[in-house]
Amino acid sequence: MIVLGIEGTAWSLSAGVVDENNIILIENNPYIPREGGIHPREASQHHSDSIPDLISKVFSNVSPEEVDLIAFSQGPGMGPCLRIVATAARLISLKLKKPLVGVNHCLAHVEVGRWRTQAENPVVLYVSGGNTQIIARRGNYYRVFGETLDIGIGNGIDKLARHMGLKHPGGPRIEKLAESGREYHELPYVVKGMDLSFSGLVTAAQRLYDNKVRMEDVAFSFQETAFAMLTEVTERALAYLNLDEALLVGGVGANKRLQGMLRTMCKDRNAKFFCPPNELMGDNGAMIAYTGLLMYRHGYETRVEDSAVKPDFRIEDVEVRWD
Ligand SMILES: Nc1ncnc2c1ncn2[C@@H]1O[C@H](COP(=O)(O)OP(=O)(O)O)[C@@H](O)[C@H]1O
Ligand SMILES: [Mg+2]
């Protein structure tokens, strides 16, 4: 079975084609803000301008007749962006007379991670721009055991980066600077039970920069603090749930320092640590295609009249009918 998946919940616009075993292709055309953060209207304008070309590129590599199913990111995300992608997916589905399936974006990060690693029943640390969650499966649902009380960690990193005059996305730039950090400056470490908060940490790190602390040391101190918070909560979930696998997913998961901290923590408690390759960490169409395939195989199909976007879609809302 060959599935086309389209992702476009926020900044990324991506199409992917997969079958049961392989990723056949991924085509990306991300929106990159000229200045400041992501503007929903500009991002959706970018998506609407770029999606015809993106889909043409896919169909120049895979013939439309070969495609058996169309999957799209139904939420959570920015309404205007979601609507562009849903409209394109409906159109392709109707035109090719192939079924449609709406996919939860967070579930897609988790399932593509499990698919591409050996993880079976992991505690998932999902870290992206808009989301920061600690997730594990209990029976036929994923449950969120901990999450950010304010902004997503990626968003926090991007805010700090912007304040220091760095371009969007800030993650890779902050990571590079932090590698040359020498001195740790104390920053607010906010873990409340299983939940986390990053906005005070971002403000405090911005103050360090305003007070002429070296950029490398700001980036270093920020990463050490934020990633230790994430590692602490992931470890507590492993202990509470008595699980022995951790899986890191989401755009921030590309960060080598975060991977390193989690790896060390897992090693210390005899747990296995998994992370998918970088091209699958950030938002991509292949994760939507693969999750759509799983869902369709287990009885899911979205009729066009039921395909309205869900900006507040939660991972707990989807019944998981597969192993
Ligand atoms: N190497 C990195 N280190 C830290 N953060 C990163 C790195 N690479 C990307 N990011 C961050 O990942 C976030 C994007 O995550 P992604 O899952 O692709 O998107 P979304 O939040 O829209 O779901 C951005 O905030 C970006 O700065
Ligand atoms: Mg994402």
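How many nonpolar, polar and charged residues are there in the shell around ligand 1? I kept this question open while I went through the model from its domains to its sheets.

**Entry 1: ground rules.** I noted that this is a predicted model, in which local features need pLDDT of at least 70 and side-chain atom pairs count only at pLDDT 80 or more, while totals for chains, interfaces and linings use all residues. Residues are numbered from 1 along each chain as its sequence is written, and chains are lettered from A and ligands numbered from 1 in the order in which they are written.

**Entry 2: the two domains.** I looked up the domain assignment, whose bounds come from an automatic or database assignment, and found domain 1 (3-109 + 280-317) and domain 2 (121-275). Their centres, taken over C-alpha atoms, are separated by 27 Å. The contact, where two residues count if their C-beta atoms, placed from the backbone, lie within 7 Å, takes 13 residues from domain 1 and 17 residues from domain 2. On the side of domain 1 that touches domain 2, the largest share, three residues, comes from helix α3 (residues 105-116); here helices (H or I, at least four residues) and strands (E, at least two) are DSSP runs numbered from the N terminus.

**Entry 3: ligand 1.** I then returned to my opening question and wrote down seven nonpolar, 12 polar and three charged residues for the shell. In this count Ala, Val, Leu, Ile, Met, Phe, Trp, Tyr, Cys and Pro are nonpolar, Asp, Glu, Lys and Arg are charged, and the others, Gly among them, are polar. There are 22 residues around ligand 1, and Ser128, Gly129, Gly154, Gly171 and Gly251 come nearest, where a residue is near if its C-beta atom, placed from the backbone, lies within 6 Å. Helices α4 (153-163) and α5 (171-179) are the elements that give two or more residues to this shell. Because domain 1 and domain 2 both give residues to the shell, ligand 1 lies between them.

**Entry 4: the sheet with β1.** I traced an open sheet of five strands in the order β3-β2-β1-β4-β5, with mixed pairing; two strands pair if DSSP finds at least two bridges between them. Its edge strands are β3 (23-28) and β5 (100-104), each of which pairs on one side only. Strand β2 (residues 14-18) runs antiparallel to β3 and is joined to it by five bridges, with Gly16 opposite Ile26 in β3. Helix α1 (residues 40-61) packs on the sheet, touching β1 (3-7), β2 and β3, and its direction makes about 155° with that of β3. For such angles, axes are lines fitted to C-alpha atoms, for helices over the stretch in contact, and the angles run from 0 to 180 degrees between N-to-C directions.

**Entry 5: the sheet with β6.** I found another open sheet of five strands, in the order β8-β7-β6-β11-β12 and again with mixed pairing, whose edge strands are β8 (141-147) and β12 (272-274). Strand β11 (residues 245-249) pairs with β12 in the parallel sense over three bridges, and Glu245 stands opposite Lys272 in β12. Helix α7 packs on this sheet and touches β6 (123-127), β7 (132-138), β8 and β11.

**Entry 6: checking α7.** Does the length of helix α7 agree with its residue count, or what span should its 27 residues have? At 1.5 Å a residue (times one less than the number of residues), helix α7 (residues 215-241) should span 39 Å, and its end C-alpha atoms are 39 Å apart, which agrees. After α7 comes Asn242, whose phi is positive, near 55°.
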